[in-house]
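Reader: Please take me through the assignments in this entry, with the criterion behind each one.

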Amino acid sequence: MDLQAQLKTAITEAIATVYGETVSDTTLQPTKKEFEGLYTFVTFPLTKSLRRAPAEIGQQLGQWLVQNSDLVSRFNVVQGFLNLSVADRVWTDLFTSLRTDAPVAAKGQSVMVEFSSPNTNKPLHLGHLRNNFLGESVSRILDANGFDVVRTCIVNDRGIHICKSMLAYQKFGQQPDGSWETPESSGLKGDHLIGKYYVLFDKAYKVEIEQLVGEGIEKEKAEKQAPLILEAQAMLRRWEQGDAETVTLWKRMNTWVYAGFEKTYQKIGTRFDKTYYESQTYLLGKEVVEEGLKTGVFYRKDDNSVWIDLTDESLDHKLVLRSDGTSVYITQDLGTTDLKFNDFHNQRSLWVVGNEQDYHFQVLFKIMKRLGRSYADGCYHLSYGMVDLPTGKMKSREGTVVDADDLVNTVTEAARTAADEATKGKMDEFSPDEQETLFQMIGLGALKYFLLKVDAQKRMLFNPEESVDVHGHTGPFIQYTYARTRSVMRKAADAGLSVPAELPVVSFHPTEQQLLFLLTQYPQRVAEAGADYAPSYVAQYAYELAKAFNQFYAEVTILSEPNRNLLLVRLALSELVGQTIKKSMRLLGIDVPEKM
RNA sequence: GCUUUCGUAGCUCAAUUGGAUAGAGCACCUGACUACGGAUCAGGAGGUUUGGGGUUCGAAUCCCUACGAGAGCACCA
C-alpha cells in the first residue's frame, strides 16, 4: 500500500476534523535533507480558507496526526512546512512491501518508437548515438510501464546522396590490379567503405566547382553545372527507372552498409522489430494528397502544386505536392505514417528525431489531424537537441564528426586504462575475453550514461574526456556500486547468511531511511519517465540511489554487524538496492557487472 | 527580417513542474578504522539563477522587456 497516499488521506482527515474543511488536492513532497522528516505538507495554500497563520496550521495538523494516525511518529514545523516522520514499524512495512512489489500490469496499448533512421551513404556518428540511446531507452521505459513497444527504423536508402557514393565508387573504386574494392579487400566495415566514397565524391565535386569558378562562372551556377552532380542526378533518374545496372550496384553497396550498421547496432545493444526502407515507401503519400484534395483539406494552385493552409493554427501554408506532381519530404511522411499505423495499429507513435525538424512534425501532425486520422492525437515528436563538441558544432564538411564505431572503441580502451589504475590486479581472475566484455560494458556504460543523463530536449556538450570518466556522476560509478552490492551478497552467502522473507522491526539509520525512501520512489520515477519520455529521470535516479548506497556503506557495517536483526535488514537492503540499480540501468540500456 | 528553443558555481548538468538556506559532478584545497571493494566516503571553498520590470504568501520556473546563443523559415531531405 502506498504510504504517500495513506498520509494524504490522514491529512485530509485531519483538516476535516480540526477545521471542518474539505480539501480536494493535498500534495506531499519529500522532506528536504536538511530537515527531519520523510514527507512534507505545505500549509501556505490553506491560509486563505482557514484564516490562520501557516505555522499554526502546521502545528495543529501535526499534533492531530501524531495523536490519531499510527503512521506519524513525530513532526516539526518550519514556517508553512509541516515535516512528518514515520515510526520504525512503518519503515519495516514499507520495506516489506517494496520487496514484494508486483511488476506493472500490461496496459493493453501499443506504442511505436521510430528511431535511428540512418542514411546509407555514411557510417553512424555521435548524433546517431544520442538518437539510438534515447530511442532504445524510451522503448525500454515504455515497456516497463506496461506498453507493447514496436521499435522501428526508417532507412534512408535512396536519393541523390546515395547516388553520389555510388558514382564515386564507379569512378574510383577500381584498384590498380583491376579488381573492385570491397569491405573484404579493404578491411573496412561496409558503412565506412561507402562513407569513404561519399567523401571522395565531395572532394572531386569541389575541384570541379573551383575549376568552373576559375573560368568565370558564378559559384551557385557552378554547383549546379559541375559534371559530377549532373552525372549523379542522371544516375538517380536511372535508379528511379529501375535501370538494371544501377540497381545492382545500389543493392550491392547497400548490402555492405547494412552489414556494417548491424555490427554497430549489435555492439551498442539496439534492435528493431521492423525496418522500413525509403526506397519502398518514397512513392507513398500521393493518394493521401488526392484524398485531401477531395475532402478539401488541401487546395490546388494554378500551377498545379498542392498546398494546405495552416495559417489559422499559427503555422503557414505548406506545399504537399510539387507542380510537376512529384513528392516532397512531407508527402512521403503522409504515406509512411499511414503505412505504419496500418501495419501495427499503435495507440501511440513516437518519432525520435532532432529538434531541427520541430516545425516539420508540427505540420505533419496537424495535417493528419485534419485528414481525420484516428491516430493523430497519439503522435509525438520526441525532439532532442544537437550534440556539440568542445570545438563547436559537428560539421561533416569540416571533418569534425565523431564516428560512432571509433567512439565505442575509444571508450572501451579508456575503461581498460581506468581499470589498470584502479583495481591493481583484481582483474587477474578474468580471462582475456571476460576482460574485453567487461571493458566494453563499462565503456559503453560511461558513454550511454553521459548522453542520457542530460534532458533530451536540451542541446548538450560532448566532452570526450568527461564522457570516459569513471568517477562522480557517471555510469561506471553506478556500475561499481552494483558490483559492491553483489560482493556483499556473495560474502554473505559464503558465510551461510540469507535474507529472510519476513524482516524484523529495527530502528533505521538515517542513511538507511534515505535508501528506503529512494527505493519507494522507483515506480513513480519510472512512471514519470514514461509519461515524459525522459530517460534522464531514470539516469538521475540511478545515480541518487548509488550515491545513497555508498554513503550507507561507509556509515554502517553490514557483515560484521553484531546485532543479527540489523545485519539481516542491511543485507536485505543491499540486495534490493542492487536489484533496483540493475533495473534502472537496464531501462537506460546499460548492463551492470557482478565484479569490476 | 519573421517563427521558435534556450541562458543556473570556473566547466558539465540537476532542481519532484510555483515551495524551505538553488543541489550534484569535474577541477581546486583538507581529511578517512592498512579496508564487509578506496573506481569509495566526509569536509572546505565556489551563486544577485544574463540584466531590468511585473504577477503572489512564495519565482530559476509564469508574464513583459533588453542583451546573448542555437535552430527553423526551399516546388531539399
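Reader: What makes S3 and S4 a pair of strands, and how do they run?

Author: In this predicted model, 6 bridges join S3 (residues 72–78) to S4 (residues 81–86). Two strands pair if DSSP finds at least two bridges between them, so S3 and S4, with 6 bridges, qualify as paired. They run antiparallel, and valine 72 stands opposite valine 86 in S4. Strands here are DSSP runs (E, at least two residues), and helices are runs of H or I (at least four residues), numbered from the N terminus.

Reader: What lies between S3 and S4 in the hairpin?

Author: The hairpin has 2 residues between S3 and S4, and glutamine 79 in the turn has a positive phi of about 50°.

Reader: Which residues are closest to RNA strand B, and how many surround it?

Author: RNA strand B is surrounded by 63 residues, the closest being Asp303, Arg322, Lys393, Arg484 and Tyr553. A residue counts as near if one of its heavy atoms lies within 4 Å of the strand. Sugar and phosphate make up 59% of the atoms of RNA strand B that come within 4 Å of the protein.

Reader: Why is the approach of valine 556 to RNA strand B called a polar contact?

Author: A polar contact is a pair of N or O atoms within 3.5 Å; within protein, one must be able to donate a hydrogen and the other to accept it, and residues adjacent in sequence count only if both atoms are side-chain atoms. A polar backbone atom of valine 556 is 2.8 Å from a base nitrogen of RNA strand B, so this pair meets the distance limit of 3.5 Å.

Reader: On what conventions do these values rest?

Author: Residues are numbered from 1 along each chain as its sequence is written, while chains are lettered from A and ligands numbered from 1 in the order in which they are written. Local features need pLDDT of at least 70 and side-chain atom pairs count only at pLDDT 80 or more, whereas totals for chains, interfaces and linings use all residues; side-chain values use heavy atoms, with hydrogens and water left out.
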